[in-house]
Amino acid sequence: MEFQHIAGVGRRAWRWSRTSGTQPRLLHAAKAAGAAALAWFIARHVPGVASDYPYYAPLGAIVAMQTTVYAGLRNGIQTLVGILLGIAVAGFTMIVGDPGILAVALAVGIGVLVGGFRVLGEGSTWVSTAALFVLLVGGANAEGYSFGYLVQMAVGVVVGLLVNFLVFPPLHFWDAERRIDEVNAVLAEHLEGLARVLESGERDEDAWNRQQDKLDRAIADVRARVSVAHESRKINPRGALRGSRARLQQDGARFRALERVAWYTTDLTELVARSGPVSSNLGRPDPAFTESLTEAIRQLACVIRGECPEDEGDKAIERLEQALDASRENPSHVAVTASALVALRGIVESERRATDNLDTRTGPSAFHRPRG
């Protein structure tokens with residue numbers, strides 16, 4: 001019994017470490033530490049004047065130890081180009097004379113201007129930094145210092161890239177999929193809040209703004225994580241594993257469907273909660289289809305969360321259409337509800353399209369969902 005309890009705690013801790021992102025962070029930290037130590041060891045055996053500056057090699061390793069192999073390669077190259085340009089800027093400013101106020105100001109000014117080119121990316125900040133290092137640290141030995149600085153940074157970058165490439169090169173599929181599921185919960189919460197507004201007839205503009213901001217941030221976060229997941233497959237030996245490309249396609253399709261659901265949800269909110277049935281100028285919609293509209297929104301929230309079959313959403317929308325067809329009340333109420341139906345149908349069809357095309361869903365994974 002005690003063993004089962006310990007095993008249960010261990011499983012929960014394992015799941016938490018995975019879902020919270022602790023596992024990849026620990027692995028990344030261990031790899032970065034190992035790469036820095038290895039770079040330091042190699043740097044002390046580099047021949048020539050570069051051996052006098054071994055402390056730059058661990059720094060180069062850190063630069064290359066990014067969340068993806070591709071990002072590490074890009075950052076490493078951009079950093080080395082930025083340092084090379086900074087050395088050139090320092091050489092130009094030395095024409096002014098000994099390092100002083102004017103030389104420092106000129107080096108930083110030119111460095112910032114040169115670093116402003118977008119093509120430099122992460123290397124932009126290294127232009128002025130390298131120029132200052134050469135001027136103030138290199139001093140009279142600027143040439144030897146510049147050579148050693150560049151060589152040792154390059155050694156560190158190469159070591160960092162090799163460690164990241166050879167030791168469990170990261171694939172960020174799990175992180176993107178987890179965040180997609182979490183955004184579905186945000187969407188469901190948003191729809192349920194909209195249903196409560198319909199029931200009460202009272203709106204809170206500040207609350208809706210906060211909820212919309214939360215939804216926008218969640219979508220932006222997922223977009224970034226899906227992009228990282230795609231990038232993590234580049235120059236990655238694990239990216240060639242069977243199924244990785246299909247998994248990326250599924251994640252991309254899920255996210256695109258998720259964006260459409262979010263767009264239709266925002267449109268529905270504008271229609272119903274801001275300028276439609278519960279706004280001050282139109283009042284509440286006719287009870288003949290208010291209840292049906294509320295039920296349809298709640299049912300879709302349940303579908304998005306993964307707790308109800310998709311056909312339940314279709315049935316709820318059909319009941320709303322029947323109520324709307326039977327209603328001959330205020331034309332403005334009918335128009336708003338008809339527009340809301342378009343948004344509701346858009347939410348359902350967005351999810352169905354992803355499901356039909358790629359055997360996936362915008363909600364949680366299929367094994368978490370009830371069978372229809």
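These questions and answers go through a predicted model.

Me: Which element of the protein has the highest mean pLDDT, and which the lowest?
Reply: The protein as a whole averages a pLDDT of 78, and 75% of its residues score at least 70. Among the elements, helix 1 (residues 2-19) has the lowest mean, 51. The highest mean, 95, belongs to helix 3.

Me: Is helix 3 largely enclosed or largely open, and why?
Reply: The buried residues of helix 3 are Y56, A57, P58, G60, A61, V63 and A64. Buried means under 20% relative accessible area. Seven of the nine residues in helix 3 (residues 56-64) are buried, so the rest of the structure leaves this helix largely enclosed.

Me: Are helix 5 and helix 6 roughly parallel or roughly antiparallel?
Reply: Helix 5 (residues 101-115) packs on helix 6 (residues 124-138) with the axes 7 Å apart and at an angle of about 160°. Angles over 145 degrees count as roughly antiparallel. Therefore helix 5, relative to helix 6, is roughly antiparallel.

Me: What is the handedness of the crossing between helix 5 and helix 6?
Reply: On helix 5 the contact is made by residues including A103, A107, G111 and V114. On helix 6, S124, V127, A131 and L135 are among the residues that take part. Helix 5 passes helix 6 in a crossing that is right-handed.

Me: What is phi of F168, and where is this residue placed?
Reply: Most residues other than glycine have a negative phi. F168 is a residue other than glycine, yet its phi is positive, near 45°. The place of F168 is the loop between helix 7 (142-166) and helix 8.

Me: Is F168 buried or exposed?
Reply: A residue counts as exposed when its relative accessible area is over 50%. F168 has a relative accessibility of 57%, so this residue is exposed.

Me: How many contacts beyond four places in sequence does the model have for residues 357-372?
Reply: Over residues 276-284 pLDDT stays under 50, and the model has 32 such contacts for them. Over residues 357-372 pLDDT also stays under 50. For residues 357-372, the number of contacts beyond four places in sequence is 42.

Notes: Residues are numbered from 1 along each chain as its sequence is written. This is a predicted model: local features need pLDDT of at least 70, side-chain atom pairs count only at pLDDT 80 or more; totals for chains, interfaces and linings use all residues. Side-chain values use heavy atoms; hydrogens and water are left out. Buried means under 20% relative accessible area, exposed over 50%, partly exposed in between (1.4 Å probe, protein chains only). Helices (H or I, at least four residues) and strands (E, at least two) are DSSP runs, numbered from the N terminus. pLDDT is the predictor's confidence in each residue, from 0 to 100. Contact means heavy atoms within 4.5 Å. Axes are lines fitted to C-alpha atoms, for helices over the stretch in contact, and angles run from 0 to 180 degrees between N-to-C directions. Angles under 35 degrees count as roughly parallel, over 145 as roughly antiparallel, 65 to 115 as roughly perpendicular and the rest as oblique. A crossing is left-handed if the near helix is turned anticlockwise from the far one by less than a right angle, and right-handed if clockwise.
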